[in-house]
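Dear colleague,

I am passing on the structure we spoke about, with a short account of what was found in it. Please keep it open beside you while you read.

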Amino acid sequence: MTQTAAVSFTAHDLDAIAEATGRTALIVPPEGTLSRAGRRINRLTRGALARLVESEAFGKAEPGTVISLNWPTGMAAEALDIVILPRRPEMEALREAGATLGKALGDKPLLILGPSQRLPELIEACVLRAYAYTDQKTDTPKTPGAITAQVSNPEEMQARTADLLSVAEGVFFTRDLVNAPANVLTTTTFADQLKDLESIGLKVEVLEEAELEKLGMGALLAVGQGSDSPSKVVVMQWTGGGDEAPLALVGKGVVFDTGGISLKPAGGMEDMTMDMGGAGTVAGAMKALALRKARANVVGLVGLVENMPSGNAMRPGDVVTSMKGDTIEVTNTDAEGRLVLCDVMWYAQDRFKPAGLIDLATLTGAIIIGLGHHNAGVFSTDDALCNGLIKSAEAVGEGAWRMPLGKAYAKQLKSRIADTNNIGGRPAGSITAAEFLRRFVKEETPWAHIDIAGVASVKADTTFAPTGATGWGVRALDRLVRDRFEAE
Ligand code: BES
Ligand code: MN
Ligand code: ZN
């Protein structure tokens, strides 16, 4: 498990500045006014800071920019990071600045000095961006440097930052799961890691194949039948609320997607180790809610399977029967995620009668064509839930964009021999996938489906994460719970 950086707040202490090792970050407003700490640093560095602040580069820099001085004279620090931020910074500039500090954090300490407006969010971005997946490296430091900030109100700041750090732990959990290779994260080791969440107060059940068969999850089981790894459904319950119906989160957990008999091409197939991204996000969100002791009832369910070709694998043309009872003609075994989700979604509604149902899945390549890597696709039959979700995502800086549903799209799924087909042809591939799922949503359930194929793992750095798993959605879901499902 990748550790989040330790964060602490202390009272102002000018004498500690010269001795601080690692990096020291000083927040300076665009006007260049120096705080007491700034004036101390200017003296220590024999006027270097004043020269920097008066420079053309400083004058031209956008808010959120960080200018670094390496090995500053008069200080033990190996770098002095000048963070240009107005007293009331825009969230975007604040996050950019925090992320720049996080990217440079490494395993050495970081001291942050400056006006404390929105410091919790700056530190949140710093902690999130300081992530590195090192589980498979033998010679890399595993503990990030500790972050200390000098403020006038340390206790208040610590309290205001605590929940953000709990959620960051959830994000790291998701990233570790999504980054893990498929020989390491099997359905069994995945379920084991979820079972461990009991130590933070979640109730966790692992349903094994025999149980899933009894429940009639013929669609989910068909996907996993070609793999030597057993299929599982894991149910995680957080009951921090009263006796109200829970919010249900459902995640696609395909630990590796070869495509099955409809085999994917070799180039890029290795990326399909992230095809459990939906399940990873649900797991991270549940961890976040438990760590910050959310006053809400939320249940997370994940379908864990591996999609492999073998002598026992599901064939194109097979007809499988879902838990709902609908029969599905499997024209393409690579459209497996929806087969997993439809059974878990049905089970979630059947058992928990949830107040809302949100499923997350790396479901279609088509959503990447539509929205690229900057927005997840949101499909919903409930405007209130959908708008809440999109608002929450926006508030935490995660992109989400609503996509349409519609009968005409659903028609593309018609099967000659079964109740439905599992694919709807090339046009609107993400929407027909969502329409397939809609079949398995009960009339009374407010539902949203989030296709995270483009955002769960990316090939370039984002504000909050290095290349690889982003943990997209953990913070948005946490925020949604906080704003819409939590008692005041
Ligand atoms: N796991 C993939 C979708 C995916 C693609 C996720 C790229 C992340 C990156 C999914 O199971 C899949 O294979 N979908 C097919 C559906 C098609 C056969 C209808 C696709 O998108 O090509
Ligand atoms: Mn597939
Ligand atoms: Zn898949």
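Two strands are taken to pair if DSSP finds at least two bridges between them. With that in mind, and remembering throughout that this is a predicted model, one can begin with a residue pair: E329 has N421, in strand β16, as its bridge partner. Strands β12 and β16 pair in the parallel sense over 2 bridges, and they belong to an open sheet of 3 strands, ordered β11-β12-β16, in which the pairing is mixed. The edge strands of this sheet are β11 (318-321) and β16 (420-421), each of which pairs on one side only.

The manganese ion (ligand 2) is coordinated by D257 (OD), by D334 through both O and OD, and by E336 (OE), at 2.0 to 2.2 Å. The angles among its 6 donor atoms run from 70 to 167°, and the site of the manganese ion (ligand 2) is irregular. Along the chain, the donors of this manganese ion follow the spacing D-x76-D-x1-E. Because D257 lies in strand β9 (residues 247-257) and D334 in the loop between β12 (327-330) and α12 (337-352), the pair ties together parts that are 77 residues apart in sequence. D257 counts as buried, at 3% relative accessibility, whereas D334, at 22%, counts as partly exposed.

The zinc ion (ligand 3) and the manganese ion (ligand 2) are 3.2 Å apart, with D257 coordinating both. Since D257 lies in strand β9 and D275 in the loop between β9 and α11, this pair of residues ties together parts that are 18 residues apart in sequence. D275 is buried, with a relative accessible area of 2%.

Finally, a word on helix packing. Helix α7 (residues 154-179) and helix α11 (residues 277-291) pack with their axes 8 Å apart, at an angle of about 155°, and are therefore roughly antiparallel to each other. The crossing in which α7 passes α11 is right-handed.

Methods. Residues numbered from 1 in each chain as written. Chains lettered and ligands numbered in written order. Predicted model: local features only at pLDDT ≥ 70, side-chain atom pairs only at ≥ 80, totals over all residues. Heavy atoms only, no water. Donors = N, O, S within 2.8 Å, 3.2 Å for Na, K, Ca; no water. Tetrahedral: all angles 85-135°; square planar, octahedral: opposite > 155°, others 65-115°. Helix = DSSP H or I, 4+ residues; strand = E, 2+ residues; numbered from the N terminus. Buried < 20%, exposed > 50% of the residue type's maximum accessible area, 1.4 Å probe, protein only. Axes fitted to C-alpha atoms, helices over the stretch in contact; angles between N-to-C directions. Parallel < 35°, antiparallel > 145°, perpendicular 65-115°, else oblique. Left-handed = near helix turned anticlockwise from the far one by under 90°.
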